[in-house]
Amino acid sequence: MLSVGFRALFQRELLRFVRRPKNTFMPPAITNVLYFAVFGIILGGRIDEPVAGIGYILFLVPGLVVLGTISNAFENASFSIFHGRWNEYIHETLTSPLSYVEMVVAYVGASAVRGLIVGVIIAVIGRLFVPISIENGLFLVATMVVIAALFAGFGIIGGLVARDFDDLTVMNQFILRPLVFFGAVFYSLTMLPSTWQTVSLLNPMVYMVDSVRYGLLGYSDMLEIAPAAYAEFAPYASLGVLTLLTIGVIAVDVYLFKIGYGLTD
(Lines give C-alpha, C1' and ligand atoms only; values in the text may rest on other atoms or scores of the structure.)
Protein backbone atom coordinates (compact mmCIF):
# COMPACT_ATOMS: atom_id res chain seq x y z
CA MET A 1 0.00 0.00 0.00
CA LEU A 2 1.39 3.39 -1.01
CA SER A 3 1.55 5.88 1.82
CA VAL A 4 -0.44 9.11 1.81
CA GLY A 5 2.81 11.09 1.80
CA PHE A 6 4.12 9.26 -1.24
CA ARG A 7 0.89 9.82 -3.16
CA ALA A 8 0.90 13.51 -2.20
CA LEU A 9 4.49 14.04 -3.35
CA PHE A 10 3.92 12.09 -6.55
CA GLN A 11 0.75 14.07 -7.30
CA ARG A 12 2.49 17.37 -6.61
CA GLU A 13 5.27 16.48 -9.04
CA LEU A 14 2.74 15.45 -11.68
CA LEU A 15 0.68 18.60 -11.33
CA ARG A 16 3.82 20.71 -11.57
CA PHE A 17 4.15 19.93 -15.28
CA VAL A 18 0.60 18.89 -16.19
CA ARG A 19 -0.68 22.35 -15.30
CA ARG A 20 1.78 23.98 -17.71
CA PRO A 21 1.33 22.13 -21.01
CA LYS A 22 2.53 25.12 -23.02
CA ASN A 23 5.89 24.85 -21.29
CA THR A 24 6.20 21.07 -21.06
CA PHE A 25 4.42 19.49 -24.02
CA MET A 26 4.19 22.13 -26.74
CA PRO A 27 7.95 22.73 -27.28
CA PRO A 28 8.85 19.07 -27.96
CA ALA A 29 5.75 18.70 -30.14
CA ILE A 30 6.69 21.69 -32.31
CA THR A 31 10.36 20.67 -32.43
CA ASN A 32 9.52 17.19 -33.65
CA VAL A 33 7.09 18.45 -36.27
CA LEU A 34 10.10 20.33 -37.65
CA TYR A 35 12.32 17.24 -37.42
CA PHE A 36 9.84 15.12 -39.33
CA ALA A 37 9.13 17.84 -41.88
CA VAL A 38 12.77 18.67 -42.63
CA PHE A 39 14.57 15.35 -42.15
CA GLY A 40 11.67 13.11 -43.03
CA ILE A 41 9.89 14.77 -45.92
CA ILE A 42 12.28 17.30 -47.45
CA LEU A 43 15.50 15.29 -47.07
CA GLY A 44 14.05 11.83 -46.55
CA GLY A 45 12.79 11.59 -50.12
CA ARG A 46 16.34 12.04 -51.37
CA ILE A 47 17.92 9.53 -49.00
CA ASP A 48 17.95 5.83 -49.68
CA GLU A 49 16.35 3.49 -47.16
CA PRO A 50 18.79 3.11 -44.21
CA VAL A 51 17.80 -0.57 -44.06
CA ALA A 52 15.80 -2.64 -46.51
CA GLY A 53 12.07 -2.17 -46.23
CA ILE A 54 12.14 0.79 -43.81
CA GLY A 55 11.85 4.30 -45.22
CA TYR A 56 13.96 7.08 -43.74
CA ILE A 57 11.13 8.94 -42.01
CA LEU A 58 9.93 5.73 -40.35
CA PHE A 59 13.50 4.92 -39.32
CA LEU A 60 13.69 8.31 -37.55
CA VAL A 61 10.66 7.80 -35.33
CA PRO A 62 12.19 5.56 -32.60
CA GLY A 63 15.27 7.75 -32.18
CA LEU A 64 13.24 10.93 -31.86
CA VAL A 65 10.94 9.19 -29.36
CA VAL A 66 13.99 8.27 -27.27
CA LEU A 67 15.42 11.78 -27.50
CA GLY A 68 12.18 13.36 -26.33
CA THR A 69 11.58 10.81 -23.58
CA ILE A 70 14.97 10.90 -21.90
CA SER A 71 15.45 14.67 -22.31
CA ASN A 72 12.14 15.46 -20.64
CA ALA A 73 12.54 12.84 -17.90
CA PHE A 74 15.99 14.21 -17.10
CA GLU A 75 14.90 17.83 -17.31
CA ASN A 76 11.87 17.35 -15.08
CA ALA A 77 13.76 15.54 -12.31
CA SER A 78 16.82 17.80 -12.37
CA PHE A 79 14.78 21.01 -12.39
CA SER A 80 12.43 19.82 -9.66
CA ILE A 81 15.28 18.88 -7.33
CA PHE A 82 17.33 21.97 -8.07
CA HIS A 83 14.34 24.32 -7.83
CA GLY A 84 13.44 22.78 -4.49
CA ARG A 85 17.00 23.33 -3.27
CA TRP A 86 17.11 26.85 -4.68
CA ASN A 87 13.90 27.93 -2.96
CA GLU A 88 14.49 25.68 0.07
CA TYR A 89 11.06 24.05 -0.02
CA ILE A 90 12.66 20.64 -0.44
CA HIS A 91 13.35 20.79 3.29
CA GLU A 92 9.67 20.13 3.93
CA THR A 93 9.96 16.91 1.95
CA LEU A 94 13.11 15.88 3.81
CA THR A 95 11.50 16.44 7.22
CA SER A 96 8.34 14.52 6.29
CA PRO A 97 7.79 10.94 7.52
CA LEU A 98 8.52 9.63 4.01
CA SER A 99 11.38 7.18 3.62
CA TYR A 100 14.23 8.11 1.29
CA VAL A 101 13.11 5.37 -1.08
CA GLU A 102 9.60 6.85 -1.25
CA MET A 103 10.99 10.32 -1.93
CA VAL A 104 13.22 9.14 -4.75
CA VAL A 105 10.58 6.88 -6.32
CA ALA A 106 8.04 9.72 -6.27
CA TYR A 107 10.43 12.10 -8.05
CA VAL A 108 11.59 9.42 -10.50
CA GLY A 109 8.06 8.17 -11.17
CA ALA A 110 6.60 11.59 -11.92
CA SER A 111 9.53 12.56 -14.15
CA ALA A 112 9.33 9.25 -15.99
CA VAL A 113 5.62 9.89 -16.62
CA ARG A 114 6.46 13.22 -18.21
CA GLY A 115 9.09 11.58 -20.41
CA LEU A 116 6.67 8.85 -21.46
CA ILE A 117 3.92 11.34 -22.30
CA VAL A 118 6.32 13.29 -24.51
CA GLY A 119 7.45 10.03 -26.13
CA VAL A 120 3.83 9.17 -26.97
CA ILE A 121 3.24 12.67 -28.34
CA ILE A 122 6.26 12.31 -30.64
CA ALA A 123 5.09 8.88 -31.79
CA VAL A 124 1.64 10.30 -32.59
CA ILE A 125 3.23 13.14 -34.56
CA GLY A 126 5.32 10.60 -36.44
CA ARG A 127 2.14 8.65 -37.20
CA LEU A 128 0.80 11.73 -38.98
CA PHE A 129 3.73 11.58 -41.39
CA VAL A 130 4.11 7.83 -41.92
CA PRO A 131 2.14 4.65 -41.07
CA ILE A 132 3.45 2.99 -37.89
CA SER A 133 2.60 -0.45 -36.55
CA ILE A 134 4.04 -1.68 -33.26
CA GLU A 135 5.88 -4.97 -33.78
CA ASN A 136 6.86 -5.92 -30.21
CA GLY A 137 4.47 -4.11 -27.89
CA LEU A 138 5.48 -5.54 -24.50
CA PHE A 139 9.17 -5.13 -25.28
CA LEU A 140 8.57 -1.54 -26.38
CA VAL A 141 6.61 -0.63 -23.23
CA ALA A 142 9.24 -2.23 -20.97
CA THR A 143 12.06 -0.42 -22.76
CA MET A 144 10.32 2.96 -22.64
CA VAL A 145 9.57 2.64 -18.92
CA VAL A 146 13.15 1.61 -18.16
CA ILE A 147 14.84 4.41 -20.11
CA ALA A 148 12.43 7.04 -18.77
CA ALA A 149 13.11 5.91 -15.19
CA LEU A 150 16.84 5.70 -15.88
CA PHE A 151 17.12 9.31 -17.00
CA ALA A 152 14.77 10.53 -14.31
CA GLY A 153 17.25 8.93 -11.90
CA PHE A 154 20.14 10.66 -13.65
CA GLY A 155 18.13 13.89 -13.44
CA ILE A 156 18.01 13.65 -9.66
CA ILE A 157 21.79 13.35 -9.57
CA GLY A 158 22.05 16.32 -11.93
CA GLY A 159 19.73 18.38 -9.74
CA LEU A 160 21.86 17.60 -6.68
CA VAL A 161 25.17 18.34 -8.40
CA ALA A 162 24.10 21.57 -10.19
CA ARG A 163 25.15 24.85 -8.64
CA ASP A 164 23.05 27.10 -10.88
CA PHE A 165 20.45 26.83 -13.63
CA ASP A 166 23.11 27.03 -16.34
CA ASP A 167 24.50 23.71 -15.13
CA LEU A 168 21.15 22.06 -15.89
CA THR A 169 21.15 23.46 -19.42
CA VAL A 170 24.69 22.25 -20.03
CA MET A 171 23.85 18.73 -18.87
CA ASN A 172 20.82 18.41 -21.11
CA GLN A 173 21.90 20.30 -24.21
CA PHE A 174 25.62 19.55 -24.35
CA ILE A 175 25.85 16.05 -22.88
CA LEU A 176 22.58 14.16 -23.40
CA ARG A 177 21.57 15.43 -26.82
CA PRO A 178 24.95 14.93 -28.53
CA LEU A 179 25.08 11.36 -27.19
CA VAL A 180 21.62 10.69 -28.61
CA PHE A 181 22.43 12.25 -31.98
CA PHE A 182 25.46 9.95 -32.21
CA GLY A 183 23.34 7.06 -30.98
CA ALA A 184 22.15 5.94 -34.44
CA VAL A 185 19.07 8.16 -34.48
CA PHE A 186 19.59 9.46 -38.02
CA TYR A 187 21.55 6.52 -39.42
CA SER A 188 21.92 2.77 -39.12
CA LEU A 189 25.05 1.26 -37.61
CA THR A 190 25.22 -1.00 -40.65
CA MET A 191 26.05 2.08 -42.73
CA LEU A 192 29.28 2.63 -40.78
CA PRO A 193 32.69 1.00 -41.30
CA SER A 194 33.38 -1.79 -38.82
CA THR A 195 35.76 0.40 -36.78
CA TRP A 196 33.12 3.06 -36.23
CA GLN A 197 30.53 0.41 -35.45
CA THR A 198 32.75 -0.73 -32.60
CA VAL A 199 33.30 2.84 -31.40
CA SER A 200 29.54 3.49 -31.52
CA LEU A 201 28.91 0.55 -29.21
CA LEU A 202 30.64 2.53 -26.45
CA ASN A 203 27.75 5.00 -26.54
CA PRO A 204 24.95 3.74 -24.22
CA MET A 205 22.38 5.68 -26.23
CA VAL A 206 22.91 3.26 -29.12
CA TYR A 207 21.36 0.46 -27.09
CA MET A 208 18.38 2.57 -26.03
CA VAL A 209 17.58 3.76 -29.54
CA ASP A 210 18.12 0.27 -30.92
CA SER A 211 15.85 -1.31 -28.29
CA VAL A 212 13.02 1.14 -28.99
CA ARG A 213 13.48 0.65 -32.73
CA TYR A 214 13.24 -3.12 -32.23
CA GLY A 215 10.08 -2.77 -30.15
CA LEU A 216 8.45 -0.35 -32.59
CA LEU A 217 9.65 -1.54 -35.99
CA GLY A 218 10.92 -5.04 -35.30
CA TYR A 219 14.35 -4.06 -36.64
CA SER A 220 17.56 -4.03 -34.59
CA ASP A 221 21.04 -3.05 -35.72
CA MET A 222 22.35 -5.40 -33.05
CA LEU A 223 20.78 -8.34 -34.84
CA GLU A 224 22.86 -7.37 -37.87
CA ILE A 225 26.26 -6.52 -36.40
CA ALA A 226 26.48 -8.64 -33.25
CA PRO A 227 28.27 -12.02 -33.35
CA ALA A 228 25.97 -14.76 -34.61
CA ALA A 229 25.80 -16.59 -31.26
CA TYR A 230 24.76 -13.38 -29.51
CA ALA A 231 22.65 -11.62 -32.15
CA GLU A 232 19.40 -13.46 -31.46
CA PHE A 233 19.35 -12.26 -27.84
CA ALA A 234 20.95 -8.84 -28.38
CA PRO A 235 17.86 -6.63 -27.88
CA TYR A 236 16.85 -8.54 -24.73
CA ALA A 237 20.38 -8.41 -23.37
CA SER A 238 20.38 -4.63 -23.93
CA LEU A 239 17.10 -4.29 -22.04
CA GLY A 240 18.44 -6.42 -19.19
CA VAL A 241 21.56 -4.28 -18.86
CA LEU A 242 19.52 -1.06 -19.00
CA THR A 243 17.21 -2.40 -16.27
CA LEU A 244 20.14 -3.21 -13.99
CA LEU A 245 21.64 0.23 -14.68
CA THR A 246 18.32 1.88 -13.78
CA ILE A 247 18.16 0.01 -10.48
CA GLY A 248 21.74 1.03 -9.75
CA VAL A 249 21.14 4.72 -10.51
CA ILE A 250 18.02 4.81 -8.33
CA ALA A 251 20.02 3.15 -5.53
CA VAL A 252 22.61 5.94 -5.87
CA ASP A 253 19.79 8.52 -5.68
CA VAL A 254 18.52 6.97 -2.45
CA TYR A 255 22.03 6.99 -0.99
CA LEU A 256 22.58 10.65 -1.90
CA PHE A 257 19.28 11.57 -0.26
CA LYS A 258 20.23 9.58 2.82
CA ILE A 259 23.55 11.40 3.28
CA GLY A 260 21.98 14.73 2.33
CA TYR A 261 24.34 15.37 -0.57
CA GLY A 262 23.51 18.74 -2.11
CA LEU A 263 20.31 18.97 -0.08
CA THR A 264 21.57 20.75 3.00
CA ASP A 265 24.09 23.17 1.42
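A salt bridge is counted here where a side-chain nitrogen of Lys or Arg lies within 4 Å of a carboxyl oxygen of Asp or Glu. The model is predicted, and by this rule the count comes to 3 salt bridges.

| Arg | Glu | Closest N and O atoms |
|---|---|---|
| Arg-12 | Glu-13 | 2.9 Å |
| Arg-16 | Glu-13 | 3.7 Å |
| Arg-114 | Glu-75 | 3.6 Å |

Arg-12, Glu-13 and Arg-16 are linked in a network of salt bridges. Arg-12 is partly exposed, with 34% relative accessibility, and Arg-16 is partly exposed at 25%. Helix α1 (residues 4–18) holds both Arg-16 and Glu-13, which are 3 residues apart, about one turn of the helix.

The salt bridge of Arg-114 with Glu-75 has its closest N and O atoms 3.6 Å apart. Arg-114 belongs to helix α6 (residues 100–129) and Glu-75 to helix α4 (residues 56–87), so the pair ties together parts that are 39 residues apart in sequence. Arg-114 is buried, with a relative accessible area of 5%, whereas Glu-75 is partly exposed at 36%.

The unreviewed UniProt entry places the feature "transmembrane region" at residues 25–44, 51–70, 104–126, 138–162, 174–192 and 236–257. In the model, residues 104–126 are 100% helix and 0% strand, with end C-alpha atoms 33 Å apart. Residues 236–257 are also 100% helix and 0% strand, and the end C-alpha atoms there are 32 Å apart.

Methods: Residues are numbered from 1 along each chain as its sequence is written. This is a predicted model: local features need pLDDT of at least 70, side-chain atom pairs count only at pLDDT 80 or more; totals for chains, interfaces and linings use all residues. Side-chain values use heavy atoms; hydrogens and water are left out. UniProt positions are given in the numbering used here, feature names are shortened, and annotations may be inferred rather than shown by experiment. Helices (H or I, at least four residues) and strands (E, at least two) are DSSP runs, numbered from the N terminus. Buried means under 20% relative accessible area, exposed over 50%, partly exposed in between (1.4 Å probe, protein chains only).
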